[in-house]
Structures are given as structure tokens and as C-alpha cells.
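This report covers a ligand site, some backbone features and a few selected residues. Please keep the sequence and the 3D view open while reading.

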Amino acid sequence: MTASPRPRFHYTVHARDGRARTGTLAMARGDIATPAFMPVGTAATVKGMLPEQVRATGADILLGNTYHLMLRPGAERVAALGGLHGFMNWDRPILTDSGGFQVMSLTDLRKLTEEGVTFRSHLDGTKHLLTPERSMEIQRLLGSDIVMAFDECTPFPASHDQARTSMELSMRWAARSRAGFDAGGDHAARAALFGIVQGGVYEDLRARSAEALQAIGFDGYAVGGLAVGEGQDLMFQTLDHTVPHLPDDAPRYLMGVGKPDDIVGAVCRGIDMFDCVLPTRSGRTGQAFTFAGPVTLKNARHRDDPRPLDPRVASPAAAYSRAYLHHLVKAGEMLGAILLTWHNLAFYQTLMAELRQAIADNRLDAYAEAFLAGYRGGDI
Ligand SMILES: Nc1nc2cc3nc(NCCc4ccc(CCO)cc4)[nH]c3cc2c(=O)[nH]1
């Protein structure tokens with residue numbers, strides 16, 4: 001019996017609890033259980049982890065970055081080496097960010113025009129141009145499964161007028177991204193394209209942006225322009241007046257988020273996908289996430305602590321004491337960064353699995369309340 005062909009992109013909601021949903025995003029390279037957390041693999045690697053180890057933590061999809069890979073090793077070179085999947089030996093879905101956010105956050109010599117953004121590489125100072133069309137071409141060369149529209153992440157704070165002008169540019173770029181993606185031949189036939197809602201913290205602009213994107217038509221909708229310093233309250237308020245304007249039958253992705261309590265609150269507000277460098281970057285700087293809150297292993301209080309980090313989190317780190325991890329971090333030993341990265345990714349995937357189950361059991365509010373009560377600000 002021939003296996004049914006894999007779908008290009010098919011989102012199914014299995015259960016709802018308030019505004020939250022749990023579902024499956026079926027794609028050519030595999031299924032993604034939502035709500036999902038995407039580990040960040042910026043330079044074609046989830047730092048310090050083999051791909052099979054990332055998969056073992058429960059990740060169904062990774063994030064890659066147009067900006068970093070176009071500069072090094074180059075999109076055409078990655079394409080010649082089997083695309084990002086062949087290059088980094090990850091055969092499941094990869095979502096790639098479109099580059100605009102990274103240009104604005106990593107370079108200072110840049111020029112923004114209607115056409116796109118010219119900038120100098122933070123690596124060697126060479127000059128580059130990113131346009132919606134070139135961003136689509138790069139993401140196609142990478143072999144991305146979920147392509148992000150090329151947008152401008154509106155800085156925070158921004159006046160209503162600044163946010164409107166920025167959002168309107170992003171909407172024109174969204175239309176050009178759609179056309180550029182659709183001209184991508186075979187790649188477009190098996191990948192998906194997400195639009196990105198902008199509009200700062202302004203309800204009217206967010207609603208207009210959501211409507212403009214739906215008029216163009218995308219497979220999924222990201223909420224951009226957040227996790228840029230606005231703080232959790234303003235982020236949640238913005239979600240409260242943005243998510244209702246998004247189509248109910250498409251996945252919603254909150255870019256760059258976030259801390260564990262950010263994710264819990266955003267899932268309760270209807271978000272289905274997340275990415276953040278926090279678990280991996282914190283792991284390398286000696287910080288561990290636990291359900292009792294974050295722990296800074298460098299702190300002397302852990303010097304004689306025989307306990308593992310968190311019995312609810314399964315990873316190789318569970319075989320070691322906090323005292324040993326404290327020692328590794330103090331000594332600057334590689335194994336410290338490796339074990340904490342692994343633990344943190346496993347923590348995030350455990351949190352996502354518990355959120356999916358809580359939604360399925362229609363007890364999300366109770367779960368969220370219990371999580372936040374147990375998750376003290378910790379000592380991070
Ligand atoms: N295309 C596009 N990409 C984005 C990526 C983002 N990433 C964020 N926030 C990440 C914030 C962030 C940065 C670093 C750390 C680790 C240590 O603090 C954690 C979070 N906001 C974002 C907004 C956009 C956006 O509008 N458009």
C-alpha cells in the first residue's frame with residue numbers, strides 16, 4: 001500500500017481551551033506538534049548540540065537565519081551542499097527568519113529604502129542588499145520549509161505615526177515577498193510562507209496589518225515587532241488586541257519569545273509557535289531553567305548541592321549534581337555549556353508538552369496558575 005504523499009502544509013486543531021489551541025502542523029518533512037518551541041540554529045547549528053540530540057529533546061522544527069547564512073557561508077554555497085537540511089544533517093522542518101530583524105539588530109551601517117535594506121556585514125564589513133525578492137531567493141536556496149516574509153521590525157518605542165509608516169512598508173514588502181516566494185517553482189510547491197503582523201503597540205495598526213496580510217493570503221501568521229523591550233505586560237496587551245484579528249484556522253507564531261512565563265501567557269492568548277535564543281544562550285552562560293525558576297550555577301550556593309537540576313526534566317544533565325555543574329561552569333569547562341544547553345532545551349520542550357496536554361485536558365488555566373506559582377523569578 002503506497003504511503004499517502006506528505007502534505008505541503010496542513011494545520012489541524014485537536015483541542016481548544018479558551019483562546020489556546022493544540023494541534024498538528026503537517027508538512028513535507030514531518031509533523032509539528034503545537035504549541036511548539038523552535039530551537040534556534042542561527043549559523044546552521046544549534047550551538048553545542050548534535051542534531052540527533054536536539055531531536056531527542058523533543059524538537060519537531062528548528063529555526064535558521066537568512067542574515068547569518070547569507071554572510072557565511074553564503075546561500076548559494078549552502079544550496080550546492082545539499083541545502084540547510086543536508087548541510088547540517090537535520091531532515092525535519094526548518095523555519096527561516098527573513099533577515100530584516102537581524103540587519104537592524106546586528107549592524108549599524110545600514111540604509112533602509114522602499115527597495116530594501118543595504119548594510120555592511122558585521123563579520124567583514126562587505127556591503128550587502130536585502131530586498132523581499134532576495135530574501136525569498138536566499139530562503140529558497142537554503143531549502144527552508146517555512147519562509148518568513150521580509151519585513152521591518154518596528155523599533156520600540158515608536159510613535160503611532162512611526163509605527164504606521166513602518167507597518168505600511170512591511171505590508172508592501174509582504175506583497176513582494178508573496179510574489180517572490182510564488183515564483184520559486186518546485187520549492188514553493190512544498191514549502192510554506194508566513195506573513196508578519198506589525199503595528200507597534202497600537203490596536204488600530206495591528207488590526208489593519210492583520211487584515212492586509214489576510215488579503216494577500218499566507219499559510220501562517222507571525223506577530224512581529226514584539227520582544228523588543230516593550231515588557232511582558234505591553235506584549236500581552238498587544239497580543240490581546242492582535243490575535244483576534246488573525247484567522248482561526250492558521251498557525252500563529254510569536255517571534256523571538258521568550259522566557260518560560262512569556263510562553264505560558266502567550267499560549268493562553270492563542271499563540272501556537274515560538275522561538276528564542278534564551279535556552280541555548282543561557283546554557284552557555286551557566287544558567288539553567290527549572291520549574292522552580294531559573295538557576296545561576298555560578299552562584300556559590302550551589303557548591304555543595306547534590307541535587308539534580310529538576311526531576312521533571314529528562315536529559316543527560318539529570319545524572320549530575322548541581323555541585324558538579326557549578327564546578328564545570330566555574331572551571332569554564334565545555335561540558336558545562338553542553339549539559340546546560342541540553343537541559344534547557346529539554347526544559348522548554350517539557351514545558352511545551354505539558355502545555356499541549358493541559359489544553360487537551362481542558363485545564364490550561366489551572367496549569368498556567370500552578371506553573372507561575374512555582375516558577376519564582378529565580379536567581380537569573
Ligand atoms: N522577521 C522578524 N523577525 C523578528 C525576530 C524577533 N526576535 C525578537 N526578539 C528576540 C529578543 C531576544 C533577544 C535575545 C535574547 C537572549 C538574551 O537576552 C532573548 C530574546 N523580536 C523579533 C521580532 C521580529 C520581527 O518583527 N520580524
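Where is the place of Asn-362? Asn-362 sits in the loop between α14 (334-360) and α15 (364-374). Helices here are DSSP runs of H or I with at least four residues, strands are runs of E with at least two, and both are numbered from the N terminus. Phi of Asn-362 is near 60°, a positive value in a residue other than glycine. Asn-362 counts as exposed, at 55% relative accessibility. Buried means under 20% relative accessible area, exposed means over 50%, and partly exposed is in between, with a 1.4 Å probe and protein chains only.

The model is predicted: local features need pLDDT of at least 70, side-chain atom pairs count only at pLDDT 80 or more, and totals for chains, interfaces and linings use all residues. Residues are numbered from 1 along each chain as its sequence is written, and side-chain values use heavy atoms, with hydrogens and water left out.

**Ligand site**

The ligand is surrounded by 17 residues. A residue is near a molecule if one of its heavy atoms lies within 4 Å of it. The closest are Asp-97, Asp-151, Gly-225, Leu-226 and Ala-227. By class, the shell divides into nine nonpolar, five polar and three charged residues. Ala, Val, Leu, Ile, Met, Phe, Trp, Tyr, Cys and Pro count as nonpolar, Asp, Glu, Lys and Arg as charged, and the others, Gly among them, as polar.

| Residue | Protein atom | Ligand atom | Distance |
|---|---|---|---|
| Asp-97 | polar side-chain atom | nitrogen | 2.8 Å |
| Gly-225 | polar backbone atom | oxygen | 2.8 Å |
| Leu-226 | backbone N or O atom | nitrogen | 2.8 Å |

Taken alone, the ligand exposes 590 Å², and the protein buries 76% of that. Accessible areas come from the Shrake-Rupley method with a 1.4 Å probe; for residues, only the protein chains shown count as cover.

The space taken by the ligand is the largest pocket. On a 1 Å grid over the protein atoms alone, a pocket is an open set of points with protein on both sides within 12 Å along at least five of seven lines. A molecule sits in a pocket if more than half of its atoms lie within 2 Å of its grid points.

**Backbone features**

Phi of Ala-227 is near 55°, a positive value in a residue other than glycine. Ala-227 lies in the loop between β12 (220-223) and α10 (232-240). Ala-227 is partly exposed, with a relative accessible area of 38%.

Which peptide bond is cis, with omega near 0°? The bond from Thr-34 to Pro-35 is. Pro-35 belongs to the loop between β3 (30-34) and β4 (36-38). The bond from Val-257 to Gly-258 is also cis, with omega near 5°. Gly-258 lies in the loop between β13 (252-254) and α11 (260-268).

**Helix α6**

Helix α6 spans residues 132-142. Its buried residues are Pro-132, Ser-135, Met-136, Ile-138, Gln-139, Leu-141 and Leu-142. An α-helix has 3.6 residues a turn, so residues three or four places apart point the same way. Gly-143 follows α6, with a positive phi near 80°.

**Selected residues**

Thr-96 lies in strand β6 (residues 94-97). Thr-96 is buried, at 0% relative accessible area. Thr-96 and Thr-34 are 62 residues apart in sequence and 18 Å apart in space, C-alpha to C-alpha.

Strand β2 (residues 20-27) holds Thr-24. Thr-24 counts as partly exposed, at 21% relative accessibility. From Thr-24 to Asp-272 the separation is 248 residues in sequence and 10.0 Å in space, C-alpha to C-alpha. Gly-23 is also found in strand β2. Gly-23 counts as buried, at 2% relative accessibility.

Definitions and conventions
Polar contact = N/O pair within 3.5 Å; in protein donor to acceptor, adjacent residues only side chain to side chain. 1 Å grid on protein atoms, 1.4 Å probe; cavity = no way out; pocket = protein on both sides within 12 Å on 5 of 7 lines; lining within 4 Å.
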